[in-house]
2 protein chains.
Amino acid sequence: MDVYIEPIGRLINEFSKLPGVGKKTAQRYAYKIIGMTDTEAQEFAAAVLNAKKKVRYCRICGNFTENDVCDICARRDGKVICVVKEPKDVIALEKLHEFKGVYHVLHGVINPMEGVGPNDIRIRELLARIGEGGVEEVILATNPDVEGDATALYIAKLVKPLGVQVTRLSRGIPVGSEIEYADDVTLSRAFIERKPL
Amino acid sequence: MDVYIEPIGRLINEFSKLPGVGKKTAQRYAYKIIGMTDTEAQEFAAAVLNAKKKVRYCRICGNFTENDVCDICARRDGKVICVVKEPKDVIALEKLHEFKGVYHVLHGVINPMEGVGPNDIRIRELLARIGEGGVEEVILATNPDVEGDATALYIAKLVKPLGVQVTRLSRGIPVGSEIEYADDVTLSRAFIERKPL
């Protein structure tokens with residue numbers, strides 16, 4: 001790093017903390033900042049501080065919000081709760097304009113290998129929401145991987161006895177893809193979970 | 001963008017200004033910032049402002065510096081000047097620990113298609129340095145592309161009459177690569193510029 005002068009080395013180091021950013025990319029970003037006008041660089045830095053300062057987690061669902069309760073929880077009917085791993089999953093689902101219910105962000109999934117147990121994610125909060133009544137269905141929309149499946153099963157076992165319908169997003173061959181290129185696990189899943197027409 | 005709350009949308013927008021960063025990547029970066037501690041986010045923003053504030057251009061060579069004159073110009077013998085397009089080229093060459101002379105950063109190359117003429121890059125400053133005397137060689141290390149070659153030729157024509165040796169970095173097949181995979185232009189260059197053993 002001693003080929004860089006201190007302010008550049010320091011900035012490259014900061015950019016390297018972003019996910020997937022190596023030294024070369026961080027250097028490109030740093031040079032871009034240095035090439036900006038003073039105002040542009042100030043706006044960049046201000047956006048970082050502003051986001052960190054203003055973004056909070058919704059008291060009810062755990063999604064990002066600027067307020068105590070997010071817009072989705074404030075405005076929508078809470079009969080159907082869609083459970084997701086992270087706030088970015090809410091964004092992905094909201095882009096569909098399909099689901100009109102509310103969310104519950106777990107902020108992680110059960111992962112014993114990394115020491116994440118059921119008490120480390122927001123399962124307790126989900127059960128409390130259901131306990132308040134009025135919930136008819138819980139859609140488990142964790143990722144279709146080992147941890148996502150395990151987490152969904154764990155939650156299902158706790159929620160079903162409360163008399164709430166529990167569903168899971170369907171797995172199978174992605175729409176528009178070709179069977180030839182589907183991976184083995186996905187393809188055998190599609191067979192096992194085949195549906196009558 | 002209305003799926004994002006304002007502070008997140010604003011931060012994603014700022015990250016999207018970095019080279020090669022699309023919306024998805026910008027979103028990942030924004031979430032990383034939001035997941036940071038307050039101190040971490042403050043350090044990130046401070047590094048941006050600090051770099052923008054402290055990084056200047058060396059009065060002599062045009063490279064990045066925190067001072068009036070960069071460390072390389074201040075400490076090294078000025079008999080050999082290596083001419084490059086951008087500050088990042090200085091970094092690339094310094095990493096070799098090979099060249100012990102000084103640099104001259106053009107901050108661009110002649111590119112009529114984009115309206116960049118000889119007066120838009122630091123050629124005048126190079127001639128002034130040579131005019132002060134003591135320069136024995138000018139190494140033209142602009143990129144081996146159309147604009148880099150044109151710029152090197154242009155500078156060579158101006159510098160040679162001043163009695164200074166002018167050289168250009170050699171072109172050819174990259175070391176460790178295979179002839180089979182070399183592109184046509186590089187391969188024919190390697191033929192034309194072949195050397196006696």
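Author: The model is predicted. Take B:Lys79 to begin with: B:Lys79 has a relative accessible area of 35% and is called partly exposed.

Reader: Why is B:Lys79 called partly exposed?

Author: Buried requires under 20% and exposed requires over 50%. The 35% of B:Lys79 lies in between, so the label is partly exposed.

Reader: What makes B:Lys79 and B:Asp77 a salt bridge?

Author: The N to O distance between their side chains is 3.4 Å. The limit for a Lys or Arg nitrogen and a carboxyl oxygen of Asp or Glu is within 4 Å, so the pair qualifies. B:Asp77 is at 43% relative accessibility, and therefore also counts as partly exposed.

Reader: Why is B:Glu14 called buried?

Author: B:Glu14 has 5% relative accessibility, and buried means under 20%, so the label holds. The side chain of B:Glu14 meets that of B:Lys17 in a salt bridge, at 3.1 Å from N to O. B:Lys17, with 36%, falls between the two cut-offs and is therefore partly exposed.

Reader: How do you know that A:Asp149 and A:Arg168 form a salt bridge?

Author: Their side chains come to 2.8 Å, N to O. That value is within 4 Å, so the pair counts. A:Asp149 sits in helix α7 (residues 146-159) of chain A and A:Arg168 in strand β6 (residues 165-168) of chain A, 19 residues apart, so the pair links distant parts of the chain. A:Arg168 is partly exposed because its relative accessible area is 27%.

Reader: Which residues do salt bridges with shared partners join into one network?

Author: The network consists of A:Asp149, A:Arg168, A:Arg171, A:Arg189 and A:Glu193. Over all chains the structure holds 20 salt bridges, while the count between chain A and chain B is 0.

Reader: What does the contact between the chains consist of, then?

Author: Chain A gives 48 residues and chain B gives 48 residues. About 4700 Å² is buried between chain A and chain B, with 72% of that area from carbon and sulfur atoms. There are 5 residue pairs in polar contact between the chains, with both residues at pLDDT 80 or more. α3(A) supplies the largest share of the side of chain A that touches chain B, 15 residues. By class, that side has 27 nonpolar, 6 polar and 15 charged residues.

Reader: Now the rings. Why is the pair of A:Tyr29 and B:Tyr29 called edge-to-face?

Author: Over all chains there are 13 aromatic pairs. In the pair of A:Tyr29 and B:Tyr29, the centres are 6.0 Å apart and the planes make an angle of 70°. The centres are within 6.5 Å, so the rings pair; the angle is over 60, so the pair is edge-to-face. The pair crosses between chains, from helix α2 of chain A to helix α2 (residues 23-35) of chain B. Both A:Tyr29 and B:Tyr29 are buried.

Reader: What makes A:Tyr57 and A:Phe64 stacked?

Author: Their planes are 25° apart, and under 30 degrees counts as stacked; the centre to centre distance of 5.6 Å is within 6.5 Å, so the rings pair. A:Phe64 is buried because its relative accessible area is 9%, whereas A:Tyr57, with 45%, is partly exposed.

Reader: Which rings are linked into a cluster?

Author: Ring pairs link A:Phe15, A:Tyr29, A:Phe44, B:Phe15, B:Tyr29 and B:Phe44.

Technical notes: Residues numbered from 1 in each chain as written. Chains lettered and ligands numbered in written order. Heavy atoms only, no water. Contact = heavy atoms within 4.5 Å. Buried area = accessible area lost by both parts, 1.4 Å probe. Polar contact = N/O pair within 3.5 Å; in protein donor to acceptor, adjacent residues only side chain to side chain. Helix = DSSP H or I, 4+ residues; strand = E, 2+ residues; numbered from the N terminus. Nonpolar A, V, L, I, M, F, W, Y, C, P; charged D, E, K, R; others polar. Buried < 20%, exposed > 50% of the residue type's maximum accessible area, 1.4 Å probe, protein only.
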